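Good morning, colleagues. Please keep the structure in view as I speak.

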Amino acid sequence: RDDQLGSGKTKTIACGEAVESGLINNETLAYFMARTQLYMEKIGMDPQRLRFRQHLATEMAHYAADCWDLEIKSSYGWQECVGHADRACYDLEVHSRATKTSMVATQKVDPPQEMEVAKLKFDRKLLGQAFKGDQRVVSGMLESLAESWTDFEPIATKLENDGKTTVEGFEITKEMMTWTKQK
């Protein structure tokens with residue numbers, strides 16, 4: 001917040017570091033901010049024309065613990081596109097007081113499982129030339145399979161060994177994408 005009124009310079013900082021330093025109020029807010037950034041980049045927005053701006057104290061909604069806007073630089077300057085407000089427990093607390101009903105809930109969940117996935121990078125030009133109107137169908141199908149390395153590994157092996165494979169009637173060549181195995 002202070003930099004907006006002082007130097008006005010943008011800082012680049014990882015979400016984890018921003019949470020640790022107290023710049024972003026909590027991990028949940030940082031998670032959704034990061035997901036928004038990834039989404040914007042995935043739909044083709046230039047990351048150099050995106051930024052998050054924290055609301056000044058004078059802009060903060062009465063119910064918010066922290067607020068951030070994702071802004072896009074356009075010919076009109078920086079414009080708000082997405083707003084993230086950490087409402088904390090405001091809504092639940094107000095409802096709980098009004099109804100004299102506890103709004104606290106807990107649910108035991110299984111420990112998280114570490115999964116191996118394939119991270120894909122497509123050559124969109126080759127996909128478009130090969131599949132034309134079905135380009136999104138093919139890339140979506142491959143992205144879905146890549147959510148589990150177990151499902152994607154036979155495709156990767158076939159592409160490595162033979163340079164091509166057929167998936168649901170579509171012939172995929174090794175040149176159409178690259179992949180890495182990740183946890």
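This is a predicted model: local features need pLDDT of at least 70, side-chain atom pairs count only at pLDDT 80 or more; totals for chains, interfaces and linings use all residues.

Let me begin with helix α5, residues 124-131, and α6: their axes come within 8 Å and cross at roughly 120°. Axes here are lines fitted to C-alpha atoms, for helices over the stretch in contact, with angles from 0 to 180 degrees between N-to-C directions. Helices (H or I, at least four residues) and strands (E, at least two) are DSSP runs, numbered from the N terminus.

Residues are numbered from 1 along each chain as its sequence is written, and side-chain values use heavy atoms, with hydrogens and water left out.

Which residues of α5 and α6 make the contact? From α5 they are Arg124, Leu127, Gly128 and Phe131, and from α6 they are Gln135, Val138 and Ser139, contact meaning heavy atoms within 4.5 Å. These residues divide into 3 nonpolar, 3 polar and 1 charged.

We move on to α6 (residues 135-146) and α7 (residues 149-162), whose axes come within 6 Å and cross at roughly 120°. Therefore α6 is oblique to α7. Leu142, Leu145 and Ala146 of α6 meet Trp149, Asp151, Phe152 and Ile155 of α7. This contact comprises 6 nonpolar residues, no polar ones and 1 charged.

Finally, the salt bridges. The structure holds 9 of them, each being a side-chain nitrogen of Lys or Arg within 4 Å of a carboxyl oxygen of Asp or Glu. One joins the side chains of Arg51 and Glu71, at 2.7 Å from N to O. This pair links distant parts of the chain, with Arg51 in strand β1 (residues 50-54) and Glu71 in strand β2 (residues 66-74), 20 residues apart.

Key:
Angles under 35 degrees count as roughly parallel, over 145 as roughly antiparallel, 65 to 115 as roughly perpendicular and the rest as oblique. Ala, Val, Leu, Ile, Met, Phe, Trp, Tyr, Cys and Pro count as nonpolar, Asp, Glu, Lys and Arg as charged, and the others, Gly among them, as polar.
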